[in-house]
Amino acid sequence: MRHVMVMKRFAPAILALLVVPAIAYADPTAPAVSPVLTTPDAKDVLSYARPEIARVTHVDLDLTADFASKTMSGTAALDVLAAPGAKEIILDTDGLTISSVTDGQGRTLAWKVGASEAYKGAPLTIQLNGASRIVIAYRAAPSARALQWLPAQLTAGKTKPYLFSQGQSINNRSWIPTQDSPGIRQTWTAKITVPADLVAVMSGERLTPKGEPAAKGRRTYRFAMDKPVPPYLIALAVGDLVFKPLGNRTGVWTEPTMLDRAAYELADTEKMVEAAEGLYGAYRWGRYDVLVLPPSFPFGGMENPTLTFLTPTFLTGDRANVGLVAHELAHSWSGNLVTNATWADSWLNEGFTSYFENRIMERLYGKERADVEADLAWDELETNFRAAGGRMAPGTRLHGDPEGGQVDYTKGAIFLRTIEETVGRERWDAYLRSYFDRHAFKPQTTAGFLKDLRANLIRGDQALEAKLQLDRWAYEPGLPNNAVHVKSPSLAAVERQAAAFAAGGPASAIDTKDWSTQLWLRFLARLPRTLPAARLADLDRTFGLSEQTNGYVRSAWLELAIANRYEPAVPSIEQFLTSVGRTLLVRPLYKGLRAQGDWGMPIARRIYAKARPTYHPVTAAAIDKVLGE
């Protein structure tokens, strides 16, 4: 009832949030102020913000990166839209040292940092005194979990230090004081000052391509994002960075030593943008560039607008893993354009994007390659279910865990593929394209998506409603019985070879010619989890698995080796875990070592003591949890 009373009390202010005059953008459909949702399912439990009372609409950053102290410091000026009579605004912070808060005219405003909660951080409450703009002077802690400061020896070039941010899901509050909730979209500008021999890039328009001279051997770079985005998409990297164009609106940033390899792997990026547009409408963000990061980047990729961040582990020389690029590009529609209002609905980002990724791959590389990846995703879903505690565990629901999970990707994509198979591709594509147009630059909830489906696709067809089982897909654990499982003939052939080896055949009889990463993964996944050392040695000797430079294949092989306490693989395990920081590839190995008790835990703890300082805080936190640190 309190929610209802708040809605009535601030109805005029909420109307102002929802209906605002448009301003001139490259994309005229982008609103000056994005709406916020006020339904109960849109309440973000991971944010202290009260956007129905006062919300941030724009952020101006003026920050200096100090590599010696590993701090970002300066000011964040926030534009505030408040309900009539609102006395305060509440922001999200995590470990920030606040030195002052003023209004736009420099007058001091009263403020207070509240009690901190683990993971969520602390609220910063500011008394507005009628201010529509507030300026916060502050410093981020060296341990800010969104930021990783790398010494030169941990970069590809090993000559200059490096800094990068990772905002998703609620990490940006550790370096930007704002309302750090995906449902509170904000435009932003930034002035970033860095050492003169380094280059800064951000997830927005680059206003000063070569930077501007600043005092004390520094340079300043300026950026802007004129479209409202969820705050987790404000991203920064600073390092020895160079650029190479890939097409008229695409290019790659990375360290000089990786530039040619990265450009080769990313050769089809411009075609991917065109393929995505052909499916679901215009790309609305201007440029689509890619930044290939050092090995400690914790994820496969991050869909920061205009500048996707990518792990270097996808650089396998065969372009077999560019589905990762297709995935991050697809987020330009599902996630960046239409965003989950809270993290309990992150499947609206990841499930949609995983489905869209597969469609891009089919359009560019053919149905069989897309089917291989869809079939592997089914395997991954089974793994996700086991990790969640079983097929019917609460963690297998799409709408649920505010910290999200891998089920969001796999089950979400299968849900959308099932709708496609049920209604037909032509009808589904027309709906999905119109969905992105109707909800562009707005937050969304599961309930909102289902309502839209019923209004614009099902349209009262009760037989279709019953066939789709929408509520069961969205709110119940497990898989409904209408789930579509795509099966690949190529993977079936690989399974036969795995079965032959499992039956005692020699590794030399396995024909791996032209095997992609995906086929290797299915082969290794289908081998028995218990194998004698001699059989493992035969595989390793024949295919050089312990020396594999393909991180995906290497990780899958080492999982098998660990499960069998295969001692000859221990040096490979150590080398891999101390040189790769992608959580997806390293966490399963630590989990496997933990499961091996008296054999595995001493190995895990010895390696982790060396590796932890090289991991991003996100990865370190995940491994701490695995090992009970």
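Which residues of helix α17 are buried? In α17, Val570, Ser572, Ile573, Glu574, Phe576 and Leu577 are buried, where buried denotes under 20% relative accessible area, exposed over 50% and partly exposed in between (1.4 Å probe, protein chains only). The model is predicted, with local features requiring pLDDT of at least 70 and side-chain atom pairs pLDDT 80 or more, while totals for chains, interfaces and linings use all residues. Residues are numbered from 1 along each chain as its sequence is written, and side-chain values use heavy atoms, with hydrogens and water left out.

**View 1. Helix α17 and its cover.** Helix α17 (residues 570-577) is mostly covered, six of its eight residues being buried. Helices (H or I, at least four residues) and strands (E, at least two) are DSSP runs, numbered from the N terminus. The cover over the buried residues of α17 includes α16 (551-563), α18 (583-595) and α19 (597-611), contact being defined as heavy atoms within 4.5 Å.

**View 2. Helix α9 and its buried side.** The buried residues in α9 are Trp428, Asp429, Tyr431, Leu432, Tyr435 and Phe436. They cover an arc of only 165 degrees around the axis, which puts them on the same side of α9; the arc is that of the directions from the helix axis to the C-beta atoms. Among the elements that cover these buried residues are α4 (269-280), α6 (347-365), α8 (407-423) and α10 (446-458), together with strands β21 (338-340) and β22 (442-444). At 1.5 Å a residue, the 14 residues of α9 (residues 425-438) should span 20 Å, and the end C-alpha atoms are 20 Å apart, which agrees. The expected span is 1.5 Å times one less than the number of residues.

View 3. Phenylalanine 441 lies in the loop between α9 and β22. Its phi is near 65 degrees, a positive value in a residue other than glycine. Most residues other than glycine have a negative phi, and most peptide bonds are trans. Phenylalanine 441 is buried, with a relative accessible area of 0%.

**View 4. Strand β15 between β9 and β11.** Both faces of β15 (residues 236-239) are covered, with Leu236 and Val238 buried on one side and Ala237 and Gly239 buried on the other. Strand β9 (residues 162-165) runs antiparallel to β15 and is joined to it by two bridges; strand β11 (residues 199-202) is also antiparallel to β15, with four bridges. Two strands pair if DSSP finds at least two bridges between them. Phenylalanine 164 has alanine 237 as its bridge partner in β15, and valine 199 has glycine 239.

View 5. Tyrosine 162 and phenylalanine 164 form an edge-to-face pair, 6.4 Å centre to centre with 75 degrees between the planes. Rings of Phe, Tyr and Trp (its six-membered ring) pair if their centres lie within 6.5 Å; planes under 30 degrees apart count as stacked, over 60 as edge-to-face and the rest as tilted. Tyrosine 162 and phenylalanine 164 are both buried. A cis peptide bond, with omega about 5 degrees, joins glutamine 168 and serine 169, and serine 169 is found in the loop between β9 and β10 (186-195).
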